[in-house]
Amino acid sequence: SRLIRTSQGNSSYHAMQWRVDRRFARGFQTTASYTWSRNLDSTSEGVGAAGVEFSQSGAGSRTSVPVAQGGLRLDHGLSDYHRAHRLTVLYLWAVPSPARSFWKSAFWKHALGGWSLAGIASFQSGAPFTPLNGSDRNNDGLPGNDRPDISNPRAPLNSRAVLTPASGSQSCATRYRNPDTGACVTPGDVHWVQGTGLPNASTVGRNTLLAGGINNFDVSLSKSFQIGEQRRLEFRWEALNALNHPQFT
């Protein structure tokens, strides 16, 4: 087999970026950054490739339709790195000391003083991904990068069908079967149909679906004790993804 590498491709990125800062005052400080962007390309790898070895290695990201079959045009869509929205908030809160009357007691002085809360909260849109056909529809020897056809866009997104033989135990009168349920269906009953032949106008585009986004909270809680005039002892509790949200991207 032959391995081909090329630097062909095109991309564009547009964004609006906002940032708000509140400097440390009265025990509180925060910074918020928001980006609204759109990243388009025909391949998300700087050096694209086509070849069985590269496909099986799982490395890189290239056009899923060969260049000779119009891959640069048919694959132009959301980049693998596209994240439409991203908001990050950093904060620090030094808990105010109690009223002066409390400081007459050493217990309240050590129990309520010296606390601080800090953290980073991140919210981000999900990553785009491409459904795969499951078979080598264009007979190029690369079965892992072909895409299915969209049959009924209004059908449930998790419904699909494969073409059955014209005769035999696996055949259907409609010629299509849902491999998940085993039922014979028509193309109008399902969203996806396992495509055959070269890509066409019904073939789904590259990176047209979005995975779940990120909703992440990293938190740090600390308590410091003053020891004399020059020494300080600090206890710190930290939690990454404190709310235990699944992060698929």
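1. Arginine 206 and aspartate 41 are both buried, where buried denotes under 20% relative accessible area, exposed over 50% and partly exposed in between, for a 1.4 Å probe and protein chains only. The two residues form a salt bridge with the closest N and O atoms 2.8 Å apart; the term requires a side-chain nitrogen of Lys or Arg within 4 Å of a carboxyl oxygen of Asp or Glu. Arginine 206 sits in the loop between β13 (192-193) and β14 (209-210), and aspartate 41 in strand β3 (residues 28-41), 165 residues apart. Helices (H or I, at least four residues) and strands (E, at least two) are DSSP runs numbered from the N terminus.

2. The model is predicted: local features need pLDDT of at least 70, side-chain atom pairs count only at pLDDT 80 or more, and totals for chains, interfaces and linings use all residues. Residues are numbered from 1 along each chain as its sequence is written, and side-chain values use heavy atoms, with hydrogens and water left out.

3. A salt bridge also joins arginine 147 and aspartate 75, at 2.6 Å from N to O. Arginine 147 belongs to the loop between β8 (128-129) and β9 (149-150) and aspartate 75 to the loop between α2 (71-74) and β5 (77-78), so this pair ties together parts 72 residues apart in sequence. Arginine 147 is buried at 4% relative accessible area, and aspartate 75 is buried at 0%.

4. Arginine 137 and aspartate 149 form a salt bridge at 2.9 Å, N to O. Both arginine 137 and aspartate 149 are buried.

5. Salt bridges with shared partners connect Asp41, Asp80 and Arg206 in one network. The salt-bridge count is eight.
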